Amino acid sequence: MEIVKNAAAGTLESSDVLICVEPADTLQIEIQSVVAGQYMDAIRDAIEDVLAKAQIKTGKISAQDRGALDCVIRARMETAILRGGSQS
Amino acid sequence: MRRTMLFLPGNTPNMLINGDTLGADSIIYDLEDAVSPDEKDAARILVRNTLKYMRGKGCEIIIRINPIESDYWQADLEEVIPCKPDLIMPTKVGSGQDVQIVAEAITALEKRAGIPEGSVGILPLIETALGVEKAFDIASASPRVAGIFLGGEDLTADLHCKRTREGQEIFYSRCRLVCAARACGVEAYDTPFTDVEDMLGLEKDTQLAKSLGFSGKAVISPRHVETVNALFSPTMEEIEYAHDVMDAIEEGRRQGKGVISLRGKMIDAPIVKRATQVLEMERQMFGGEDV
Amino acid sequence: MSKLVGSVREAVQAVGLTDGMTISFHHHLRNGDYVLNMVLAEIAGMGLKDLNVNASSIFDVHEPIIEHIKKKVVTGLEVNYMGGKVGRAISEGILEKPVIFRSHGGRAGDMDRGAAKVDVAFIAAPCADDMGNMSGKYGPSACGSLGYAFSDAMCAKKVVVITDHLVPYPLLDCSIPEGYVDVVVQVDKIGDASRIVSGTTKITRDPVGLRIAYLASQVVKHSGYLKDGFSFQTGAGGASLAVAKYVEEMMEKEGIKGSFCMGGITGYLVSMMEKGYFETILDVQCFDLAAIASIRDNKNHQEISATRYASPAAKSCAVDSLDVVILGATQVDTDFNVNVHTDSNGYIMGGSGGHCDTAKGAKLAIVVAPLIRARLPLIVDQVLCKSTPGETIDVIVTQRGIAVNPKNQKLKEALIAAHLPVKDIRELKRMAEEIAGVPKAVTCTGRVVANVLYRDGTLMDTIRKKA
């Protein structure tokens with residue numbers, strides 16, 4: 001899959017995460033999180049895993065995390081990719 | 001045992017994740033009315049991911065999908081069936097055929113996902129005049145049907161009447177639904193009481209539902225869970241009596257008696273059946289670790 | 001004769017404030033308070049330096065104090081509670097001398113027995129006469145009880161009353177009498193009424209909060225304390241109020257008449273008293289308009305000082321007679337120690353208030369908190385700051401289970417017999433980590449930025465600078 005247009009999924013409410021994706025030549029991942037000190041690695045792993053499963057190699061991904069659990073991060077990532085991506 | 005079934009909005013992470021802690025016997029993840037059209041995709045993906053996470057938490061999960069007249073219901077099923085929710089609740093069901101359409105879609109998806117056919121049950125939501133009149137057809141449409149469910153809000157709109165606290169306007173529908181369900185050997189569940197603050201009204205409404213033969217009731221607020229649970233639970237006296245019935249049968253068997261009586265009353269099949277139900281509820285209420 | 005002077009500056013001059021002195025403030029005007037900022041601005045303008053500020057609480061509205069700290073106008077700070085804005089700056093190390101944290105009872109006790117000395121108390125008074133008789137019950141900035149200001153008035157060497165509602169002598173229904181007061185100043189406004197109190201304090205609608213409240217009420221029910229003469233304290237937060245609502249329902253059903261309730265008083269507790277569930281309210285602080293109206297008009301609603309509320313230096317205090325208290329927590333450790341001073345990252349954002357006082361006094365101290373808050377598990381191996389010692393906490397109630405302190409075996413058995421979801425505290429910790437993942441440990445290794453004193457004045461813990 002490939003990210004072909006700007007898209008977003010999720011919210012800024014507590015326990016949720018807002019994921020924005022946009023097309024780019026390289027893969028860039030930006031993460032802001034209220035639990036960065038405790039869970040930064042876990043958040044990054046979840047995002048990278050969803051990207052790998054969708055075989056996305058480029059795009060700008062930004063996540064504003066409000067303490068979302070792993071399953072919520074994965075859901076929002078999948079939704080953002082679905083909305084902004086296209087089968088290449 | 002489904003004394004209470006708690007509705008939770010399908011696109012709200014905090015609610016989905018904590019749904020199992022709110023005391024309800026079952027939770028209903030709602031993909032229909034609680035989710036706006038432009039968030040349907042997000043909600044079903046979130047529900048699917050949450051289902052995986054909720055597995056093994058020991059709380060029954062029901063998914064309310066969009067009506068089969070909508071563009072969403074198939075995508076709803078495709079997303080959630082592979083995660084094997086306990087029950088699917090199709091909405092605005094008006095005929096046995098509606099149930100069969102959903103059942104066939106589930107069968108196909110079960111096959112594709114490699115899960116045993118029939119794993120996922122159906123709990124049709126009856127909320128139209130047509131649905132009420134076809135309640136028997138709906139309840140008997142598929143072996144997947146575990147029970148039928150009355151939705152009072154949409155129904156009263158369809159009946160051209162106002163939904164009231166006393167519920168006279170849905171009395172016929174309630175009776176009809178219970179009768180149809182019992183005739184088919186499935187359960188009947190009652191519509192939620194929608195005034196979150198009116199605890200006395202809730203109590204009366206629940207007592208009425210129980211007296212008519214419903215097995216449980218939907219709730220839209222966690223505040224209502226304990227009241228409804230309590231009213232649909234057997235009392236301590238009923239539990240003790242059920243134990244006495246079973247003890248008497250055991251004793252009678254040992255003595256080789258044909259006719260067994262307890263407190264001067266013969267124990268017949270309906271009494272045994274009722275006692276078995278009560279003891280099963282007791283086991284589910286207090287038997288597990290999480291009660 | 002009148003004690004009235006024309007301005008805050010004249011008042012500061014009249015009481016002879018000089019560099020290095022300690023000044024004090026109360027926090028009854030909460031996030032609507034103008035007085036602390038007003039006085040510090042005047043003092044800074046006069047070129048005074050090196051002041052030690054003893055404020056019963058610092059809220060976000062007091063953010064300007066950060067500048068005064070940077071400019072060395074303020075070089076020492078003693079509080080019972082500190083909001084997140086100033087707390088963050090303190091955690092980042094803007095103040096050289098460690099902040100002293102006390103509890104509400106500890107502050108009153110330390111002042112009363114002279115362990116915390118105050119040179120000048122600046123007391124915001126919603127209503128006063130020109131001799132300094134004062135009350136919180138009247139005027140446009142009414143706040144109800146003035147409970148935390150009593151020790152300031154009685155123990156400071158000099159007392160300045162600042163009011164925006166000057167009434168003719170004598171103010172009849174006064175809380176603190178003129179005998180303690182040196183100077184009175186009238187100003188335009190002492191606070192923003194809309195931030196002093198909330199219109200109505202509402203019960204939470206959050207389902208998890210409600211579930212926790214329900215379970216907490218079941219703990220109260222099966223503890224054996226819920227009977228005639230029952231006394232109760234709960235906070236003003238939505239979840240704490242929900243506990244009160246469930247408790248009220250049980251009292252109604254069982255026909256129980258309680259004796260008193262206490263703490264931050266809200267309209268909800270007032271209505272419980274009016275309906276006859278409690279005889280009396282002992283009020284050290286009001287949180288909403290209904291509470292203010294009640295303390296003014298209902299003789300069963302009594303104003304009490306912080307000393308009478310919770311001072312361990314007094315021969316007795318009201319918390320000692322309390323049956324049940326409902327408390328919050330940001331972190332709890334497996335020894336039941338509670339942190340209410342810092343967030344999970346170690347930044348200051350709170351304080352004991354009456355937490356450790358009521359936990360010690362009450363027969364049953366219940367902590368209510370979600371097991372996971374925005375992914376962060378409540379229960380940790382060791383709290384970042386020990387605000388309240390674990391031996392004074394009886395029960396932790398979360399939506400996923402109830403942990404009973406092992407010292408209270410009888411209670412544990414009673415709750416299990418009632419089919420409540422009792423779990424070992426380590427099991428609750430494990431459950432949270434299974435859901436959220438194991439958090440990386442947060443450590444604060446910088447110099448000490450705050451000393452947390454227990455209510456008897458002994459050092460309980462320190463808070464360190466965020467690297």
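Buried area, as I use it here, is the accessible area (1.4 Å probe) that two parts lose on being put together, summed over both. I'm working from a predicted model, where local features need pLDDT of at least 70 and side-chain atom pairs count only at pLDDT 80 or more, while totals for chains, interfaces and linings use all residues. Residues are numbered from 1 along each chain as its sequence is written, chains are lettered from A and ligands numbered from 1 in the order in which they are written, and side-chain values use heavy atoms, with hydrogens and water left out.

**Entry 1: chain B against chain C**

I started with the area buried between chain B and chain C, which comes to about 1,600 Å². Carbon and sulfur atoms give 52% of that. Counting contacts (heavy atoms within 4.5 Å), I get 18 residues of chain B touching 17 residues of chain C.

Next came salt bridges, meaning a side-chain nitrogen of Lys or Arg within 4 Å of a carboxyl oxygen of Asp or Glu. Between chain B and chain C there are four. I looked up B:Asp20 with C:Arg400, whose side chains meet at 2.7 Å, N to O. For polar contacts I took pairs of N or O atoms within 3.5 Å; within protein, one must be able to donate a hydrogen and the other to accept it, and residues adjacent in sequence count only if both atoms are side-chain atoms. Seven residue pairs, both at pLDDT 80 or more, are in polar contact across this interface.

Which element gives chain B's side its largest share? Helix α1 (residues 13-18) of chain B does, with four residues. My helices (H or I, at least four residues) and strands (E, at least two) are DSSP runs, numbered from the N terminus. By class, that side of chain B has seven nonpolar, four polar and seven charged residues. I count Ala, Val, Leu, Ile, Met, Phe, Trp, Tyr, Cys and Pro as nonpolar, Asp, Glu, Lys and Arg as charged, and the others, Gly among them, as polar.

**Entry 2: chain C against chain A**

Here the buried area is about 1,100 Å², and carbon and sulfur atoms give 52% of it. The contact takes 13 residues from chain C and 16 residues from chain A.

How many salt bridges cross between chain C and chain A? I find one. C:Lys440 pairs with A:Asp41 in a salt bridge, with 3.2 Å between the closest N and O atoms. On chain C's side, β20 (376-377) and α15 (425-436) are the elements that give two or more residues. That side divides into eight nonpolar, three polar and two charged residues.

**Entry 3: salt bridges within chains**

My search of the whole structure gave 58 salt bridges over all chains. A:Asp49 and A:Arg74 make one at 2.6 Å, N to O. A:Asp49 sits in helix α1 (residues 36-53) and A:Arg74 in helix α2 (residues 70-84) of chain A, so the pair ties together parts 25 residues apart in sequence. A:Asp49 has 25% relative accessibility and counts as partly exposed; my cut-offs are buried under 20% relative accessible area, exposed over 50%, partly exposed in between (1.4 Å probe, protein chains only).

In chain B, B:Asp198 bridges to B:Arg165 at 2.5 Å between the closest N and O atoms. B:Asp198 is in the loop between β8 (187-190) and α9 (199-212), B:Arg165 in the loop between α7 (152-159) and α8 (171-184), so this pair ties together parts 33 residues apart in sequence. B:Asp198 is buried at 15%, whereas B:Arg165 is partly exposed at 37%. B:Arg163 and B:Glu169 form a salt bridge too, 3.3 Å between the closest N and O atoms, and both residues are buried. I also noted a salt-bridge network linking B:Asp30, B:Glu32, B:Asp33, B:Arg64, B:Lys92 and B:Asp154.

**Entry 4: C:Ser194**

Buried or exposed, I wondered about C:Ser194: which is it? C:Ser194 counts as exposed, at 54% relative accessibility. C:Ser194 lies in helix α7 (residues 193-196) of chain C, and its side chain makes a polar contact of 2.8 Å with that of C:Asp192.
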